[in-house]
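This briefing covers aromatic ring pairs and charges placed over rings. Please have the structure open while reading.

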Amino acid sequence: MDFQKYKQYVNQLKTGKQLPDAIYLHQNALSAMPAALLSLTDKITRELKIPADDWNIIKLNKRDFKITFLNYPNFETSGYPTLQHSFTVDLNKLTVRKASYEQSDNPPILHRKETFISSDHPLWSLFREITAEGEKIGLYKNTRTIGFKKNWEKLIADKGYFLDDEGRLHPCKDQQICHDPSIDGPVTVKRHKTAINRNQLSQPMQILARHNYLNGEYSILDYGCGKGDDIRELEAHGINVSGWDPVYFPDNTITQNDIVNLGFVLNVIEDIDERTATLKRAWQHTDKLLIVAVMVAGETITRQFTPYKDGVITSRNTFQRYYSQPEFRSYLESSLDESAIAVGQGIFIIFKEKTEEQQFLLERQFVKRDWLQKTQRQIQQKQPTVRKDLIDKHLALFTDFWETSLELGRIPANSEFEFSTQIRQIAGSHNKAHEALKNHFGNDLFAEAEQRRRDDLLVYFALNLFEKRKPQTQMPEGLKRDIKYFYNSYAEAVKQATKVLFTLGKPQIIYAACVKAYQQLQCGEFNENHSYIFHKKYLGDLPPELRIYIGCATQLYGDLDNIHLIKAHIRSGKVSLMRYDNWNKSEPLLIERIKIKLREQTIDFFEYGEIFEPPPLENKALFEPGCKSPAVTYAQ
């Protein structure tokens with residue numbers, strides 16, 4: 001029989017488990033095969049001396065001239081039988097290959113056993129019942145990952161079920177008492193023990209405060225609020241806040257709010273479906289943004305505990321699902337089909353209101369700079385010139401307008417200056433006021449402000465490109481004005497940002513930016529052709545190329561609130577973040593180092609204190625205000 005005839009006979013088969021590239025049949029259903037095909041299989045087993053009791057499933061390939069004989073010894077007695085061995089016969093090459101799983105602890109398994117037999121088989125109804133059990137709890141939603149025993153058992157445990165000795169499914173009872181294949185015996189997960197007492201705001205709330213979301217303008221829902229310490233603190237500040245918790249405040253009403261905080265909730269839910277459902281419920285109740293936080297840890301932490309489902313069981317019988325930073329971002333984005341913005345280690349913000357998202361990203365790149373002190377020096381040094389009497393008479397108003405211009409790097413629109421009506425009444429227009437103030441204070445300050453704002457925008461657009469964010473049809477009005485003033489068009493802004501972004505793969509560009517930063521700041525540690533280390537407070541003063549380079553890394557990591565030093569690697573495409581135990585000490589100890597690999601887009605965490613001795617920072621003076629780093633001769 002040639003391949004064409006073989007394919008013809010195989011395609012005639014209507015019985016068996018039909019897959020795109022093969023058909024599977026149990027021995028008891030072989031009578032459904034065309035006579036010529038049945039004769040071929042008999043001939044193969046005789047000539048190759050494959051005993052009838054050494055296989056019970058036959059696989060007929062549709063796209064190759066191959067037949068495989070598989071042995072599932074417990075086909076009739078187990079809900080999900082395991083493969084013992086198989087014989088694959090290549091009818092083109094006339095070869096046979098045996099594969100054995102007898103010693104494997106993770107062999108292939110069968111599902112949907114009723115499809116392998118005919119409907120008149122005495123066990124067909126039982127097999128169909130077993131399949132229906134799995135369908136009911138969603139075991140077959142992703143068939144690509146369930147073909148092996150351990151994956152299958154883990155999925156079942158994730159669904160809150162376990163298999164008995166006959167392979168039948170049973171639900172976990174008594175609040176998650178369940179048997180997991182990685183643990184001997186039953187496990188009782190005590191979720192209520194994960195709530196902790198707080199004497200300060202939680203990390204997600206601190207991040208909201210840092211980004212001015214706790215200014216009283218937004219209503220906040222703390223979803224999974226635990227004992228309610230955050231709520232009491234926010235209420236003391238007059239903030240419109242409510243909370244709900246399944247243990248401590250189960251009767252509170254969950255209402256729609258501007259902001260929803262889901263802080264350290266998902267990581268204590270052992271059922272992955274419930275975990276995702278909780279995430280989606282929290283997302284449904286926010287109008288503007290959702291902030292989500294989980295525990296992030298590496299193997300040095302997780303290996304101290306007992307594995308359970310996709311996480312671990314702690315000594316207090318609580319469940320913890322530790323994530324990596326990229327893994328948690330992927331989980332959020334795939335679950336909500338939205339972009340997630342890293343704002344901390346294991347902390348992300350997802351915006352429902354896209355204009356709010358653009359405003360957040362824009363303001364995130366604009367470094368708040370105190371122009372007042374510099375302006376006052378200029379006022380004292382320069383003699384008033386044009387419109388002296390007018391400016392002197394309304395000095396506070398004109399100074400306020402001037403500082404707004406310096407902050408924006410351009411003339412404010414009417415809506416961008418609170419006292420626009422007054423300044424226009426006095427000066428005639430914003431333009432006239434601006435020209436008078438340039439003459440009064442000097443143009444150098446404004447030219448510097450323009451350049452800084454242009455750099456901020458360049459960083460903003462470049463990082464948006466790095467994140468592969470789609471252009472927003474709705475933009476904050478201030479951003480539209482910035483684009484028009486600094487770039488003429490959105491397309492031109494993107495063009496310039498793209499140009500800069502694509503140059504960052506060149507070590508000479510990073511090298512030049514590090515040299516420029518080191519010369520300007522005269523602070524930090526410069527290692528020729530290797531790296532530049534500086535304190536994070538100087539990040540906004542770096543050249544835009546270096547800000548973008550580091551910004552790409554921190555977008556993978558999140559906000560730098562606990563970080564002290566940043567190390568830009570010149571040639572390897574890496575950025576390192578260093579956190580010290582107490583920066584105020586003369587020689588603080590390094591307790592964590594995070595290495596971000598931009599080319600691979602991965603993050604490595606290195607902790608000090610248990611396994612590795614924390615090294616002291618012996619040259620701290622190089623990173624302090626007023627520091628004067630040693631002069632360096634730079635390579636050309």
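**Aromatic contacts**

Tyr-6 and Phe-65 are both buried. The model is predicted. Its aromatic pairs number 29. A pair of aromatic rings is described by the distance of the centres and the angle of the planes.

**Tyr-6 and Phe-65**

- The ring centres of Tyr-6 and Phe-65 are 5.1 Å apart.
- Their planes meet at 55°, so this pair is tilted; edge-to-face would need an angle over 60 degrees.
- Tyr-6 belongs to helix 1, residues 3–12.
- Phe-65 sits in the loop between strand 3 (57–61) and strand 4 (66–71).
- The pair therefore ties together parts that lie 59 residues apart in sequence.

**Phe-351 and Phe-360**

- Phe-351 and Phe-360 have ring centres 5.3 Å apart.
- With planes at 45°, this pair is tilted.
- Phe-351 has 0% relative accessibility, so Phe-351 counts as buried.
- Phe-360 has a relative accessible area of 4% and is buried because the cut-off is under 20%.

**Ring cluster**

- Which residues do ring pairs link into a cluster?
- They are Tyr-511, Tyr-518, Phe-526, Tyr-532 and Phe-534.

**Charges over rings**

- Lys-352 lies over the face of Trp-283. The distance to the ring centre is 4.7 Å.
- Arg-593 places its charged end over the ring of Phe-606. Here the distance to the ring centre is 4.4 Å.

Definitions and conventions. Residues are numbered from 1 along each chain as its sequence is written. This is a predicted model: local features need pLDDT of at least 70, side-chain atom pairs count only at pLDDT 80 or more; totals for chains, interfaces and linings use all residues. Side-chain values use heavy atoms; hydrogens and water are left out. Rings of Phe, Tyr and Trp (its six-membered ring) pair if their centres lie within 6.5 Å; planes under 30 degrees apart count as stacked, over 60 as edge-to-face and the rest as tilted. Helices (H or I, at least four residues) and strands (E, at least two) are DSSP runs, numbered from the N terminus. Buried means under 20% relative accessible area, exposed over 50%, partly exposed in between (1.4 Å probe, protein chains only). A charge sits over a ring if NZ of Lys or CZ of Arg is within 6 Å of the ring centre and within 35 degrees of the ring normal.
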